[in-house]
Amino acid sequence: MQTINEALTTAVELHRAGDVERAASIYRQILEANPRHAQTLHLLGTANFQLGQYQLAAEQLSAAIRIDGQRPEFHATLTEVLRASGRLAEAIASANRLLQLTPDAAEVHFVLGRLLEAGGDLPAAAQEFSETIRLAPGHLDASLHLGQALHGQGKLDLAGVQFEAAAQMYPQSPWAHCGVGAVCQGQGRLDEAVAAYRRAIERDPNLPQAHYNLGVALRLLDRLPEAVGSLQAALRIMPGLVEAHLALSNCYLSLARPDEALAAARAALSLAPDAPLALARLAAALQLQGEADAAIATYRRAVAVNPTNAGEHSNLLYALNFDPHIDAAKLFAEHRAWAQRHAEPLTAAAAPHAPDRNPQLRLRVGYVSPHFREHAVSFFSEPMILAHDRQEFEIFCYSDTRVADACTERFRARADGWREIVGLSDQQVVQQVRDDRIDILVDLAGHIGGNRLLVFARKPAPVQVTYLGYQNTTGMSAMDYRLTDDHADPPGMTETQYSERLERLPESFFCFAPSPQAPEVNALPAATNGFITFASFNHINKLRPETLQVWAQILKSTPKSRLLVLGYAPGRFESNVRDIMARSGIDPARLRVVNKRPRDEYLRLHHEIDIALDTFPFNGHTTVCDALWMGVPSIMLEGNTYASRFGGTAPINLGLRDLIAGSQSQYIQIATALAGDLPRLTALRSGLRERMRTSVLMDADGFTRRLEAAYRRMWRAWCAHDGEGTAKMRQSI
């Protein structure tokens with residue numbers, strides 16, 4: 001008969017040869033003879049771990065440790081079993097016990113660091129990785145994980161030092177170069193990020209993460225065709241990389257290729273059903289195909305799956321603004337629900353302010369925007385920022401603009417303080433605003449993408465204002481005012497639709513700076529064509545079936561007329577538009593759908609049209625101003641919300657109130673009558689640009705003085721209310 005040692009030797013040989021089950025059988029026989037044989041318990045636990053019996057393995061390894069707790073290998077194996085079982089807290093405790101036995105074992109510190117990292121304790125993980133490197137200089141994996149832990153804490157400078165050191169010590173490591181790229185990307189140094197990711201790909205062309213990272217950086221640089229190529233490369237290597245499908249969908253959205261965006265989003269969902277980001281991309285693609293109702297339903301699903309994501313919840317609010325079936329009260333309730341979930345807890349915890357309460361103080365005004373670049377918002381924000389009175393006001397710009405351009409540089413040159421906030425956390429931005437001692441902080445985004453509403457929720461400035469970027473309330477108690485005018489928000493009509501107090505500017509809520517790319521106005525096309533060309537250049541989110549049906553009635557009432565729509569052709573959007581018009585009895589030959597195009601080409605497209613048909617219930621604004629500058633009048637339909645009225649401020653200030661209808665039937669009547677009045681259309685064509693140039697709409701100095709007067713009133717009100725702000729001036733929300 002074999003002794004225990006002989007049997008153990010036989011079992012270990014079988015175990016090493018890969019015959020784990022026979023080895024385990026012998027281990028069990030040994031334990032029947034000696035249940036407290038610690039080494040055999042450890043080996044049997046190891047065998048059961050390899051056989052996938054994690055619970056049994058953990059019990060046997062724990063038993064071995066109770067018998068002999070001084071054997072490091074027992075603790076090491078138990079730690080690995082607990083980690084594989086998902087019992088993270090127990091694994092961390094086990095690793096700490098192992099560390100007590102082997103305090104100078106670099107690999108144990110590394111294992112503990114990985115466990116802490118997996119548990120989200122990045123500071124503690126970073127400490128363990130640092131200790132690993134101290135004990136084993138040149139430990140590449142520890143260097144990389146230390147960089148990741150520092151990056152995850154927002155310590156980008158320190159993370160950059162770590163990754164750069166790793167890249168210098170191990171220049172052939174693709175992961176080191178990926179780390180350098182991630183830091184550069186987080187700091188807004190996108191060109192450097194691209195270069196680092198390309199170095200990673202040179203070292204390992206089959207590393208999908210490097211291709212994916214490169215694609216994301218290229219997308220942020222607006223180098224979209226290159227980004228698509230990199231993301232497709234990542235997916236050829238790893239078809240199941242969900243993040244790459246999502247980024248690809250984003251690129252296709254930006255390239256105005258909604259059909260492909262939808263396919264990419266669906267590919268992501270097939271791999272990760274109910275993934276919130278995949279649902280959001282799907283919803284955005286549906287919006288760009290004119291499928292507004294399906295988009296809203298998908299956004300709701302995304303919010304239900306991930307209710308704590310404020311950004312995706314904002315996307316839902318933005319989509320709801322285009323829905324003609326939701327009334328103003330319900331829409332306001334949706335905004336308040338967003339605020340109650342995401343903003344109000346932050347506002348309740350905000351620190352108080354104690355600035356100089358001098359009503360005549362030279363005010364520090366901060367503007368927060370992701371659009372300090374060539375963008376629709378900048379056509380209205382740039383004139384006021386350039387025209388501010390620097391003796392009375394000190395202007396700060398908090399720029400979340402990832403890709404700068406010539407417009408960005410104009411903003412930067414005129415700002416008294418320029419703060420890059422790309423990559424900064426909301427709390428870091430809050431601290432910057434407080435450090436800058438801002439008196440009035442102005443939001444230029446609202447609930448559109450890239451907003452920083454959760455900065456405003458933390459109340460970093462005494463007075464906070466929302467303006468321009470979004471056509472509705474923020475819903476937040478921390479936002480004190482909303483800038484508007486008497487037409488967009490007639491007194492007594494819309495106050496209950498806002499959480500903010502309305503501050504109405506005289507005459508116009510905006511000042512417009514036309515694009516220097518705009519060509520000269522041409523002669524009326526109808527004069528030579530022999531027919532009227534109507535057009536809509538509004539975003540297709542606004543092209544609801546109800547709107548298209550009204551336009552069909554206008555075409556029926558105007559013989560030989562044509563309709564030009566700026567959207568996505570060919571594709572699902574064009575098919576939807578043609579189907580709706582065909583069902584209304586319009587010959588497809590009278591309809592033309594063209595692709596989106598660069599701004600100079602879009603402006604030149606006005607040379608082909610006679611009358612613009614504005615959308616409802618969500619007006620155009622930039623499109624209305626552009627059309628007027630190009631000599632093209634817009635027919636509008638006003639309602640009882642800001643979104644259905646704000647576009648009318650421009651024509652009213654040009655004496656064109658008669659082109660704004662109060663009902664769909666009147667809208668059709670006005671459009672038909674104007675189409676039949678070629679002398680008036682000719683006069684408007686030749687005179688609108690000059691009329692606009694000399695109007696309040698382009699008087700930047702006059703407008704900004706009125707805006708500054710409003711800021712001064714806000715500040716005095718704050719001072720007069722002993723620091724309680726405008727909250728006590730408003731009715732309870």
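What you're looking at is a predicted model, so local features need pLDDT of at least 70 and side-chain atom pairs count only at pLDDT 80 or more, while totals for chains, interfaces and linings use all residues. Residues are numbered from 1 along each chain as its sequence is written, and side-chain values use heavy atoms, with hydrogens and water left out.

**The whole chain**

- The chain has 33 helices and 13 strands; helices (H or I, at least four residues) and strands (E, at least two) are DSSP runs, numbered from the N terminus.
- Its C-alpha trace spans about 115 × 65 × 45 Å along the principal axes.
- Of the 733 residues, 57% count as buried; buried means under 20% relative accessible area, exposed means over 50%, and partly exposed is in between (1.4 Å probe, protein chains only).
- Take the contacts (heavy atoms within 4.5 Å) with a separation of 6 or more: 65% of them link residues 24 or more positions apart.

**The seven-stranded sheet**

- Seven strands make an open sheet with parallel pairing, in the order β3-β2-β1-β4-β5-β6-β7; two strands pair if DSSP finds at least two bridges between them.
- At the edges sit β3 (417-420) and β7 (501-505), each pairing on one side only.
- From one strand to the next, the twist averages 25 degrees.
- Inside this sheet, β1 (residues 363-369) and β2 (residues 393-399) are parallel and share seven bridges, and Val365 stands opposite Ile395 in β2.

**The six-stranded sheet**

- Six strands form another open sheet, also with parallel pairing, in the order β10-β9-β8-β11-β12-β13.
- Its edge strands are β10 (591-595) and β13 (660-661), and each of them pairs on one side only.
- Strand β8 (residues 533-536) runs parallel to β9, joined by four bridges, and Thr533 has Arg562 in β9 as its bridge partner.
- Two bridges also join β8 to β11 (residues 611-613), again in parallel, with Ala535 opposite Ala612 in β11.
- Strand β9 (residues 562-567) is largely enclosed by the rest of the structure, because five of its six residues are buried.

**Helices α2 and α3**

- Two packed helices are described by the angle between their axes and the distance between the axes.
- For α2 (residues 20-33) and α3 (residues 38-50), the axes come within 9 Å and cross at roughly 150 degrees; axes are lines fitted to C-alpha atoms, for helices over the stretch in contact, and angles run from 0 to 180 degrees between N-to-C directions.
- The contact of α2 with α3 has nine nonpolar, two polar and one charged residues; Ala, Val, Leu, Ile, Met, Phe, Trp, Tyr, Cys and Pro count as nonpolar, Asp, Glu, Lys and Arg as charged, and the others, Gly among them, as polar.
- Among the residues that meet are Tyr27 and Arg28 in α2, and Leu44 and Gln50 in α3.

**Helix α4**

- The 14 residues of α4 (residues 54-67) should span 20 Å at 1.5 Å a residue, and the end C-alpha atoms are 20 Å apart, which agrees; the expected span is 1.5 Å times one less than the number of residues.
- Buried residues in α4 include Ala57, Leu61 and Ile65, and their cover includes α3 and α5 (72-84).

**A closer look at Thr347**

- Thr347 lies in helix α20 (residues 328-348) and counts as buried because its relative accessibility is 19%.
- Leaving out residues up to four places away in sequence, Thr347 touches Ala457, Ser477 and Ala478.
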